[in-house]
Amino acid sequence: MQDPKVLDTPELEPTLANLRKARDAASDEGAGGTDVRELDRAIAAVEIEIRRRHEEADGADVSTVMT
């Protein structure tokens, strides 16, 4: 998986959805704990990046309103 920091913002949500589908499919197929943990780590990284970008955008909006 690519580092979520290098993905464009519009790519993050679809990437997250695909990772979640992959994790669900892996769980349904009885994948080992290691595979599911790797997917969980990737999901967490994308979620963190989405949250970070939302916070940055919210901060930018506030600063432009205040000027």
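Predicted model: local features only at pLDDT ≥ 70, side-chain atom pairs only at ≥ 80, totals over all residues.
Residues are numbered from 1 along each chain as its sequence is written, and side-chain values use heavy atoms, with hydrogens and water left out. Local features need pLDDT of at least 70 and side-chain atom pairs count only at pLDDT 80 or more, whereas totals for chains, interfaces and linings use all residues.

Helix 1 spans residues 9-28 (helices are DSSP runs of H or I with at least four residues, numbered from the N terminus). Its 20 residues reach 30 Å from the first C-alpha to the last, close to the 28 Å expected at 1.5 Å a residue (the expected span is 1.5 Å times one less than the number of residues). Leu-12, Leu-16, Leu-19 and Ala-26 of helix 1 are buried (buried, under 20% relative accessible area; exposed, over 50%; partly exposed, in between; 1.4 Å probe, protein chains only). These residues lie on the same side of helix 1 because they cover an arc of only 95° around the axis (taken from the directions from the helix axis to the C-beta atoms). Exposed Pro-10, Lys-21 and Asp-28 are carried on the face turned away from the buried side.

Seven salt bridges are counted (a side-chain nitrogen of Lys or Arg within 4 Å of a carboxyl oxygen of Asp or Glu). In helix 2 (residues 33-66), Arg-53 and Glu-49 are four residues apart, about one helical turn; their salt bridge has its closest N and O atoms 2.8 Å apart. Arg-53 is buried at 16% relative accessibility, and Glu-49 is buried at 3%. Arg-52 and Glu-56 form another salt bridge, at 2.4 Å from N to O. Arg-52 is partly exposed at 33%, as is Glu-56 at 47%. Salt bridges with shared partners join Glu-49, Arg-52, Arg-53 and Glu-56 into one network.

Definitions and conventions
Helix = DSSP H or I, 4+ residues; strand = E, 2+ residues; numbered from the N terminus.
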